[in-house]
Protein chains: 2
Amino acid sequence: MTRVVQKFGGTSLADIEKIRNAACHVQRAVNAGNEVAVVVSAMAGTTSKLVSWAREISALQDAPEYDAVVASGEQVTAGLMAMAIQALGIPARSWLAWQLPILTDDVHGKAHIESIDTTEIVQRLTAGEVAVIPGFQGVSHRNRLTTLGRGGSDASAVALAAALHADLCNIYTDVDGVYTSDPHIVTKARKLDKITYEEMLEMASLGANVLQGRAAELAMRHNVVVQVLSAFDNLPGTQLVGEDVIVEQRVVSGIAYSRDEAKITLTGIPDRPGIAASIFGPLSEASVNVDMIVQNASDDGASADLTFTVGKVDLARATEVIGQAQDILEYQELLSDSNVVKVSVIGVGMRTHAGVATKMFKTLADKGINIQVISTSEIKVSVLIAEEYTELALRSLHTAYDLDEE
Amino acid sequence: MTRVVQKFGGTSLADIEKIRNAACHVQRAVNAGNEVAVVVSAMAGTTSKLVSWAREISALQDAPEYDAVVASGEQVTAGLMAMAIQALGIPARSWLAWQLPILTDDVHGKAHIESIDTTEIVQRLTAGEVAVIPGFQGVSHRNRLTTLGRGGSDASAVALAAALHADLCNIYTDVDGVYTSDPHIVTKARKLDKITYEEMLEMASLGANVLQGRAAELAMRHNVVVQVLSAFDNLPGTQLVGEDVIVEQRVVSGIAYSRDEAKITLTGIPDRPGIAASIFGPLSEASVNVDMIVQNASDDGASADLTFTVGKVDLARATEVIGQAQDILEYQELLSDSNVVKVSVIGVGMRTHAGVATKMFKTLADKGINIQVISTSEIKVSVLIAEEYTELALRSLHTAYDLDEE
């Protein structure tokens with residue numbers, strides 16, 4: 001007997017017809033002899049509407065009340081989905097977070113799941129009943145409803161799969177899997193059959209919102225086999241698995257990009273100990289995350305230029321914070337540029353293959369693309385380039401690493 | 001210290017602005033030194049939408065799932081109302097049915113409240129915190145959400161007021177009280193300051209949906225002082241009280257009517273024992289409620305005519321059931337008429353004053369209105385007349401019993 005968790009996103013449950021369609025996926029899994037637990041998001045648009053009501057009522061929302069309001073969307077789809085499955089002649093019932101319970105910490109609005117009591121649903125699953133669980137919600141130790149933050153239903157599904165020791169966690173969404181690059185730009189992009197958890201985490205920006213980052217982390221930690229696939233056909237998608245499962249290792253699995261970065265350069269900063277801390281300390285206090293950092297000594301040897309990237313949404317705040325501290329930081333000029341894009345080459349194969357970064361730099365140089373900042377991790381090389389080169393860079397790299405569809 | 005329950009209906013919570021307006025009623029009560037518990041309906045239209053989704057999914061809905069779906073509307077307004085009260089600087093929190101709990105039987109869709117655990121909210125109320133409770137919902141002994149049936153939020157409010165030993169239960173709605181007759185027809189109708197529970201029960205059809213019948217019953221049983229008033233002004237409404245509280249007793253408190261009745265006459269039925277049971281038995285089995293009943297012996301003495309009323313919606317089913325049993329019932333003819341209206345004169349004063357019925361019959365006769373069926377109870381006289389006389393009958397009776405506004 002195989003045990004499967006099936007998770008349906010909001011676009012897959014946007015109306016009654018789509019809920020019925022989702023129930024057919026459940027039916028197929030049941031008919032194939034699986035024990036099935038279902039996790040549902042709210043109908044597309046519902047959570048946004050509830051959030052906007054809460055914001056309209058009060059600028060400073062009480063977090064537990066906010067959660068009581070926004071958690072209601074998943075309660076509705078859980079009940080409707082249970083009915084839709086029953087209508088196909090299959091026993092089913094909904095289990096709200098407080099009924100299991102799904103216990104979380106009490107960080108309302110972005111709670112973390114601590115435990116899921118599966119005693120009762122395991123009994124029902126083995127007896128052939130489908131369990132339908134609202135995603136996104138939990139209950140705190142104080143017995144109040146909590147929510148896991150945007151996209152939290154993916155995390156609910158993976159956590160449930162881990163708690164149930166499920167063999168597979170299918171995440172049904174409106175894309176059919178994870179691609180080697182954004183198919184809207186790189187027409188030769190291929191769908192990947194398998195991808196490692198770590199690559200998925202790095203590729204989070206690929207094929208927007210394929211899988212929420214925290215869910216990928218949870219899957220990695222608990223070794224849950226996750227499949228991302230389309231709710232609107234019946235084809236295999238992309239499986240997230242451990243590195244050991246991917247036998248034929250590719251060196252590079254995908255080319256990702258992010259337009260969400262902005263670059264800040266401080267020229268002529270004094271070359272003395274503690275200067276980096278005095279710049280990044282205030283940014284961190286202002287909740288500005290800094291990503292790539294490069295420091296170059298300038299010609300005179302006594303001063304240096306510092307370049308780093310922040311989120312585009314944080315650029316104004318970052319320049320304000322640094323501007324206020326000019327007398328302490330003693331920089332000459334503050335330059336900022338938001339017409340940049342971060343392009344990343346990702347693959348666990350990099351650990352054992354040399355020359356990946358070199359190939360990237362050479363490919364971009366051949367196309368006349370200037371690299372502004374470089375950063376690397378164990379399985380990723382990222383460069384910051386002018387935004388206008390985005391498409392050219394992605395397509396060239398995709399070809400250079402032999403990722404093009406044949 | 002006075003303890004007050006305030007209940008707001010769906011039209012009083014239809015949008016964020018109206019929720020804020022309702023919160024102002026709460027604020028006024030708090031500022032006047034009251035302990036306040038609030039019961040909320042779902043936003044107008046929400047429950048109907050949820051019900052229609054459930055119906056669309058499946059003709060045979062699973063009642064517990066149906067309840068999980070439709071109970072969500074009150075959860076949303078409870079959270080929003082708590083936030084709106086907090087935004088006015090008053091401590092508040094929502095208590096969902098399962099959090100108190102509000103324990104009900106497990107008759108899903110029309111559950112009855114068995115008990116409300118008020119231990120925790122009483123502590124909070126005395127500490128100055130407002131408790132916001134979703135109406136309409138409860139939790140069964142099996143730990144599943146239940147709903148109390150349409151209009152159940154009124155019952156929630158009265159049951160909570162009883163459990164809290166509240167001094168007053170204010171039902172805020174979109175009408176400003178209970179009138180001596182329908183003000184749309186009888187322009188001289190007056191708003192009543194006070195009315196007895198029993199009169200309210202009989203007048204349920206007056207001023208459509210002023211208060212749900214079960215709530216009036218509960219109030220009577222637990223002696224809860226209920227006030228029905230408008231959410232959109234700040235004026236006193238109509239108080240429901242015990243008979244002992246109304247010192248200056250009116251003989252007649254109001255003239256009610258119902259267009260929901262239809263008349264069935266069976267002619268020439270054999271005049272033998274058991275014939276009534278053989279007619280009303282099958283109707284009862286078909287869930288057709290029979291209201292007024294009159295039997296007249298016919299000229300020959302061996303047979304009789306039987307006239308009774310059923311709900312207009314049940315007329316087709318009733319004639320079908322009786323038609324199928326013609327060989328057993330041996331009636332000559334089945335006549336039906338749905339162009340009828342039931343007009344009732346209501347007042348606890350009838351118990352001690354004679355001549356109320358006589359005045360009614362005489363008033364109608366003077367206007368040339370023929371009475372088709374009569375039925376009476378301790379505090380009510382009802383007659384069935386042709387529908388076209390509705391307005392004339394109501395206005396004439398209203399004047400005859402000295403109810404007209406001066």
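Modeller: Let us begin with a definition, keeping in mind that this is a predicted model. A residue is called buried if 20 or more other C-beta atoms lie within 10 Å of its own.

Colleague: What makes strand β6 of chain B, residues 130-134, mostly covered or mostly open?

Modeller: The cut-off is 20 or more other C-beta atoms within 10 Å, and 5 of the 5 residues of β6(B) are buried, so the strand is mostly covered. Val130(B), Val132(B) and Pro134(B) point one way from β6(B), whereas Ala131(B) and Ile133(B) point the other way, and all are buried.

Colleague: How do you know which strands pair with β6(B), and in what sense?

Modeller: Two strands pair if at least two bridges are found between them. Strand β2 of chain B, residues 35-40, is joined to β6(B) by 4 bridges and strand β3 of chain B, residues 92-94, by 3 bridges, so both count as paired, and both pairings are parallel. Ala131(B) in β6(B) is the bridge partner of Ala37(B) and also of Arg93(B).

Colleague: Why are the two copies said to be related as by a two-fold rotation axis?

Modeller: Chain B is superposed on chain A by a rotation of 180 degrees with 0.0 Å of shift along its axis, the RMSD being 0.1 Å. The two copies are therefore related as by a two-fold rotation axis. Among the residues of chain B, Ser72(B) comes closest to that axis, with its C-alpha at 2.9 Å.

Colleague: How do you know through which surface the copies meet?

Modeller: Of the interface residues of chain B, 100% are also interface residues in chain A, so the copies meet through the same surface. The contact takes 29 residues from chain B and 29 residues from chain A. On the side of chain B that touches chain A, the elements giving two or more residues are α1 (16-31), α2 (46-57), α3 (63-70) and α4 (72-87) of chain B, and the largest share, 11 residues, comes from α4(B). That side of chain B divides into 17 nonpolar, 9 polar and 3 charged residues.

Colleague: What makes Met81(A) stand out in the largest nonpolar core?

Modeller: That core has 262 residues, and those with the most contacts inside it are Met81(A) and Met81(B). Leaving aside neighbours within four places in sequence, Met81(A) is in contact with Ile19(A), Ala22(A), Ala23(A), Val38(A), Val40(A) and Val132(A).

Colleague: Why are β15 and β17 of chain A called edge strands?

Modeller: In chain A, 4 strands form an open sheet in the order β15-β16-β14-β17, with antiparallel pairing. Strands β15 (290-297) and β17 (333-337) of chain A each pair on one side only, and they are the edge strands. β15(A) pairs with strand β16 of chain A, residues 303-311, over 6 bridges in the antiparallel sense, and Gln295(A) stands opposite Leu306(A) in β16(A). Helix α10 of chain A, residues 315-324, packs on this sheet and touches β14 (261-270), β16 and β17 of chain A, its direction making about 175 degrees with that of β17(A).

Colleague: What makes β13(A) and strand β18 of chain A, residues 340-346, a pair?

Modeller: At least two bridges are needed, and 5 bridges join β13(A) to β18(A), so the two antiparallel strands count as paired. In β18(A), Ser344(A) is the bridge partner of Ala256(A).

Key: Residues numbered from 1 in each chain as written. Chains lettered and ligands numbered in written order. Predicted model: local features only at pLDDT ≥ 70, side-chain atom pairs only at ≥ 80, totals over all residues. Contact = placed C-beta atoms within 7 Å. Nonpolar A, V, L, I, M, F, W, Y, C, P; charged D, E, K, R; others polar. Least-squares fit on C-alpha atoms with pLDDT ≥ 70 in both. Axes fitted to C-alpha atoms, helices over the stretch in contact; angles between N-to-C directions. Core = buried A, V, L, I, M, F, W, Y, C linked by C-beta atoms within 7 Å. Buried ≥ 20, exposed ≤ 12 C-beta atoms within 10 Å, placed from the backbone.
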